[in-house]
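Dear colleague,

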Amino acid sequence: MTSPAVKDIVVAVDGSEASDIAVQWAANTALKRNQPIKLVTAYSMPQFMYADGMVPPQELYDELEGEAGDKLDHARRIVADFDSSISVTAEVKESSPIDYLLELSETAEMIVMGSRGLGGLSGLVMGSVSAAVVSHADCPVVVVRKDNHVTEENKYGPVVVGVDGSAVSRKALEMAFQEADARGAVLRAVHAWSDAQFHSSYIGVVEAQSQMETLIAEQKELLGEELAPFVKQFPNVKVDEIVERERPIHSLKEAAEGAQLMVLGSHGRGGFKGMLLGSTSRALLQYAPCPMMVVRPKSAN
């Protein structure tokens, strides 16, 4: 029986500061996962060059491809400086970044993108490229901001995951356990819940307290049930369980201080509903103190 092929960690490269930090983060991940890196970049001919049937000169193609190659060479050096034992390949393609990255996502382990890029990958957090890739990729997508530097402190930090009991949340949990296991990291499992259904205006203090304790116990039980199969599957992963009566964004942001990675499902329910397009995900993509992995399995289509 043949073993499955080792998948690449694909890194979108554009030469920006954010891209450099993403390459460094991917190198740290590749080293811990013992997986190869594939550095990729895309270029496209300016539309005006095709006006009135004009054929762009070959020199322009050569120049654009040369510039793209220089960016990949720079990214290669970043990986080599991090650890020269990491296996690295690189590829340049004339294509739209969205089409290219979505095509690569069909066979990649994950796609890693900088959050404030230049050129073809500009505006990754709020722009069309990131929105399309995060929303439609067939593999997890990690967004790394330019202030998400890999440091001696956070390179050994925990992996944080948001849990809400949905099917896609379980996919995120599986990825988070895999990452924590590969990295030898603690897993912080965060379940933030709202007590909007709880009203104490017309009941006594003792009864209100009793109801609140019951609700808290139920939420802790939910988290425990969600974690149970993965705790059994990954016995070496130490898990910190965090249950809070709080907005998810606050709980997750606080839990992610000093973390290597935050993992979220793209279509949860309850506290994490609408993670991709809602205010919670936008805020976390911009302000979370660590890189963020969005898991959007095909089954969630």
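Glutamine 219 is buried, since its relative accessible area is 13%, where buried stands for under 20%, exposed for over 50% and partly exposed for what lies in between, with a 1.4 Å probe and protein chains only. Glutamine 219 belongs to helix H6 (residues 205-233), and, if residues up to four places away in sequence are not counted, it touches His191, Trp193 and Val243; contact means heavy atoms within 4.5 Å.

Please keep in mind that this is a predicted model, in which local features need pLDDT of at least 70 and side-chain atom pairs count only at pLDDT 80 or more, while totals for chains, interfaces and linings use all residues. Residues are numbered from 1 along each chain as its sequence is written, and side-chain values use heavy atoms, with hydrogens and water left out.

Turning to the sheet, ten strands form an open, mixed arrangement in the order S3-S2-S1-S4-S5-S10-S9-S6-S7-S8. Strands S3 (88-94) and S8 (239-244) are at the edges with a single partner strand each, so one side of each has no neighbour in the sheet. Here helices (H or I, at least four residues) and strands (E, at least two) are DSSP runs numbered from the N terminus, and two strands pair if DSSP finds at least two bridges between them.

Strand S7 (residues 187-192) pairs with S8 in the parallel sense over six bridges, and arginine 188 has aspartate 240 in S8 as its bridge partner. Valine 239 also lies in strand S8, and, leaving aside neighbours within four places in sequence, valine 239 is in contact with Phe177, Leu187, Ala189, Leu227 and Val231.

With kind regards
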